[in-house]
Every structure is written in structure tokens, then in C-alpha cells.
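This report walks through one model, from its overall make-up to single residues. Please keep the sequence and the 3D view at hand.

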Amino acid sequence: MDTLSKFLNDHLPLLLLWLLVGLFAGLVYAVELLGVDGSMTLLSPERARSLHLSLMLYGFVPLVLSLLPFALFDQEGVLTPKALRHLNRYMVVWNTFLLFMTLSLVFGNLRGLPFYDFPYQLNGILALSGVFYALALVESLKQYHQRPLWVTVSLWVVVIAPIALMVLMNPHYGQVEQTLYGPHGDNTLGMSFALIPLYYLLLKLSRTQTFIPRYPLLWMIPLGGYGVSLIIRNFVHPLSYNEEWFFQYLTFFYLPLLWVWVKDAGVSIKTNPYLILSIGAFMLVDIEGNILFIPTLRAMMHRNDLVVGHAHIAMGIAVAFMALSIAHHLLPKLFRRGYALIWSGLLMAIALVLSGAGVIESGIMEGSIEPLFIARIVFGLGVVALSTKLLWDRVFPHPTTPLEWYHVIGFLGDFGGGMLLILVGKGLFGYLGFAFSGTYEYLVFTFVMGTGIIHWFGWQESSDRLAHITAIIRIMVSGMFSALYMAGILDTLAWVIAVYDGVYAMIYFLGLRK
């Protein structure tokens, strides 16, 4: 296995977990839109939606996509162990941010923003991760006698990005909150342009023949238009609708550009299906977005479910498949072509039913949107199932010994059970008649998940030592809970925990211990 392939393979379990949690939150939100009451869980509709969007924007997709320059370094033989150590630190810090962000959103610390809902203070963790990312880039740059232009540009972007992030997302003077409901047209032009250099690098990575990008005017004209729009909006006057419309239409220049680049790079659905599907989705949303900007259509459709469907194609296929194309390049046996076709088909189906709901909501067509929302849930279950299959293929070796089964059951019971209790513990405890204060219980659930993680590592290594550690923890926990129960400090639940942990520990000590 190549250097970066092994690096991604080692980090993949946690990355896929973030992906699965984000998709699950989206599924919960879709179910709650049908009227299912989630008030007795931590995932209310607002929290579920925020967690879904945030993990899609900051989880699996950007982390895998950030490996793009290092995949090119690896391809050119200049990726060093020292660069990988910095890159590993970057991953650790970013994953720490994702943990803090997830818990903050689950416990209701929302800012009311559609794409940047987590607490502003957490941007400091993101900025720190950018430092290690820049160090990894610099270490790789040292291997070049003459730096390629794309490498130098990437380095400057990484240096500037953390500073820009802190400024743009500041709650008092940041542009993100000031432009919550606009502008639209020129903003789309800028966001679309940000993907063009990424597509160039992805085509460079996946090329099957010499690739020299042609027709630079096709990206220079939109870039110049975006610069003009910023000058007008910030120093002359607010953009009128027709001005935004004009700048929106400049995105059409990207279509022939990408078509030519794909042909010149020799990339096809056989060589990298994820990349081809990503570019196809980008072209589709470009055309659809410009159609939706027609004033009469925008007045009817803007901010209804048709736009949500449009966003699912843009993020769920165009952007997400950019990251998956890198994963396919590095781990082709895991990220197979069939998965690309199934995943894109499911997401297109979600987009179609949401578009149908949007047409009904706009009044163009009469009907009930409830069947369409149910179909959305069914297709969403398919996406979650596919993501679970990916996670299972990578993470879970088939247990073959009693000790491995001990770790499997311990992991599923502790980690899975702890996560479930964090989400629905309030309602479950009330249903069973147990007291629930909503404070220390969450600390206990987190500790339980930690024991489950030890079991996971034990499962991977068939480790007797890690099983021994978990058994000792369980005996200590069992003794403490039984003492608190018999002293009348805690209720019957403490006795249940004491019995469960005590019995599970004895299974190891009396039967499995070597």
C-alpha cells in the first residue's frame, strides 16, 4: 500500500464515522418533518438539521479533500515521513474540532446560521489545524528544486485561510452573518470558481495521459467578474437583482472549460467514476441554478424544497464526490465503482423528490408533499445503509475467536449504547421510571463510550491485554454502583449497571483470560 493510501486507510474509520453521524442526523431531521416528536431526545429538528449540515461541510468531505495536494506529492515521490507527521497532527486537531462541534450542536449551542452554526470560539481549533497543514505543505515543498506554481498557490491559500476564517465568521463584523440572506448571484460565482482549481488538480491526479489545461480565458472571465462584483458591492452600491443575475450567468463559462479538461486528461467513468459524476453534477447544478435565477421562477421557488434538492446535488454529489474521487484513487478496492453509481443514484432520487415537493409548495402543481417526504426518508435510509457498509468493510474484521467476540459485543454495547443514551437517554429514562438530572448522566455515558473504544482497539488486535483493562474497569464500576445502590444513594438503575458490568468482567476473568 502506498504511503498516503496507508495514511488514509488508518484515519478512515473516524472519518467514516463522522460521515455516518452527519447522514443519520439528516435522516432524523427528515423523519421529524413528518411530525415525529423529537423533544425527548437531544436531536430536535433545529439541532438535527444543524448537525447534518455542519458535519457534511466540516467532516468527511473537507478532510479527505484536503489530502489532494499530498496525493499529488505522493504521486511525484516527494511526500516525506515528516510531512505525514504534520499531516497526522492536522487530522488530530481537526477531528478534535469535529467532536467539540458535534457536542455543542447536540446540546443546543446554535448560532442560527445555515452553514456556520457552531460556536465562533471553535474556529480557533480550525485555525490551529491549518498551521499543521501548512507545515506539512512546507515540508513537502522542500523536496522540490523548482516549485510548481500550483504548489505555491496552495501554500498561500493555506496560510491565508485560517486568518480569513476568523475574520469572516466573527459574530460582530464577519461577512458571513452580515450576508445571511444575500447576496446570491455573485456569491454563487465566487463559490463556483473555488471548485475550478480543485477540479484541475483532481484531473491532474487522475489523468491517463499528459494533461495541460487549455482555454484559461474561460476561468479568467468569471474570476474577473467576481472581482468587479466585490468592488461594486463593497464600495459603490448594493448589487441590484439584474447585476446579480449577470454575474450568476458568468458561471456558464465553466461548462466548456471542464468538458475540454476532462477530454484532455483522458479521465472517464471507468478510470475514476466519482470524479466524472462530480463534474456532471457540477454542470447540472450550474445550469439548474441559472434557470432558477430567472425572476419569475425564483420568486416561486426560492427557499423551498426544490432549492434543498438543488443543494443536495451540489454538496451531496458535486462536492462530496470530489473527496470520494481522491478516496477512490488511493483505496480503489474499498471505494468501488458500483458504490459511486448507487450513491449518486440515491442522492439524485432525493433531489428529485425534493424538487417535486418544491413544485407543489410553489403552487405550480397541486398535491400532497407527504408521500414525497416519505420517499426522501426511504432513499436517505439507502444512503445511510451504503455508508454503513463502507464503514463495516473498512473497520470491522470478522471475529473468529471467543476473545474477539468479547470485544465485538463490548464495543457495540458500550460505544453504541453510550451514543444512543446520549441522544435519547432523557426520554428512555423517563419511560422506564428512572431519575434523570440531565447532567452527570452524560458524563457517565461518555465514560461508557470510552470503554467501548478500548474494546474496538482490542477487536482490531485480538488483544488480551485490552480485554484485561476493560474487565478491571468494569469490576471497579460494578463495585461503585452496587455500593451506591445499597446505600440508597442511587436507584435501581445503579444495580442494573453493577450486575451488567460485573457479569461481563467475570466472563473474561473466569473464561477468556489467558
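## Contacts and overall make-up

A contact here means heavy atoms within 4.5 Å. By that criterion, residues 24 or more positions apart account for 79% of the contacts in the protein chain with a separation of 6 or more.

The model is predicted. The protein chain has 21 helices and zero strands. Of its 514 residues, 50% count as buried.

## Confidence

Mean pLDDT for the protein chain is 84. A value of 70 or more is reached by 90% of the residues.

One stretch calls for care. Over residues 173–183, pLDDT stays under 50. The model has 22 contacts beyond four places in sequence for this stretch. Where pLDDT is low, the predicted coordinates should not be read in detail.

## Nonpolar cores

The largest nonpolar core has 124 residues. Phe-60, Leu-87, Phe-97, Tyr-199 and Phe-335 have the most contacts inside it. Helix H1, residues 3–32, gives the most to this core, with 15 residues.

Within the largest core, Phe-97 is one of the residues with the most contacts. Leaving aside neighbours within four places in sequence, Phe-97 is in contact with Tyr-58, Phe-118, Leu-122, Ile-125 and Leu-126.

## The second largest pocket

The second largest pocket holds about 1,400 Å³ of space. It is lined by 39 residues. Closest to the centre are Leu-14, Leu-17, Phe-415, Met-419 and Met-449. By class, the lining has 30 nonpolar, eight polar and one charged residues.

Which helices supply at least two residues each of this lining? They are H1, H5 (81–106), H17 (370–395), H18 (402–432) and H19 (440–461). H1 gives the most, with nine residues.

## Leu-4 in helix H1

Leu-4 is found in helix H1. Is Leu-4 buried or exposed? Its relative accessibility is 0%, so Leu-4 counts as buried. Not counting residues up to four places away in sequence, Leu-4 touches Leu-67, Phe-70, Ala-71, Asp-74, Leu-79, Leu-84, Leu-87 and Leu-330. One of these, Leu-87, is listed among the residues with the most contacts inside the largest core.

Leu-4 and Leu-331 are 327 residues apart in sequence. In space, their C-alpha atoms are 9.8 Å apart.

Ser-104 has its place in helix H5. The cut-off for buried is under 20% relative accessible area. Ser-104 has 17%, so it counts as buried. Beyond four places in sequence, Ser-104 touches Asn-109, Pro-119 and Leu-122. Leu-122 is also in contact with Phe-97.

Thr-470 lies in helix H20, residues 464–486. With a relative accessible area of 0%, Thr-470 is buried. Its contacts, leaving aside neighbours within four places in sequence, are Tyr-406, Thr-451, Ile-454 and His-455.

## A positive phi at Tyr-215

Tyr-215 lies in the loop between helix H9 (185–206) and helix H10 (217–236). Phi of Tyr-215 is near 55°, a positive value in a residue other than glycine. Most residues other than glycine have a negative phi. Tyr-215 is partly exposed, with a relative accessible area of 43%.

Key:
Residues numbered from 1 in each chain as written. Predicted model: local features only at pLDDT ≥ 70, side-chain atom pairs only at ≥ 80, totals over all residues. Heavy atoms only, no water. Core = buried A, V, L, I, M, F, W, Y, C linked by side-chain atoms within 4.5 Å. Buried < 20%, exposed > 50% of the residue type's maximum accessible area, 1.4 Å probe, protein only. Helix = DSSP H or I, 4+ residues; strand = E, 2+ residues; numbered from the N terminus. pLDDT = per-residue confidence, 0-100. 1 Å grid on protein atoms, 1.4 Å probe; cavity = no way out; pocket = protein on both sides within 12 Å on 5 of 7 lines; lining within 4 Å. Points joined across faces, edges and corners; volume = space filled by probe spheres on them. Nonpolar A, V, L, I, M, F, W, Y, C, P; charged D, E, K, R; others polar.
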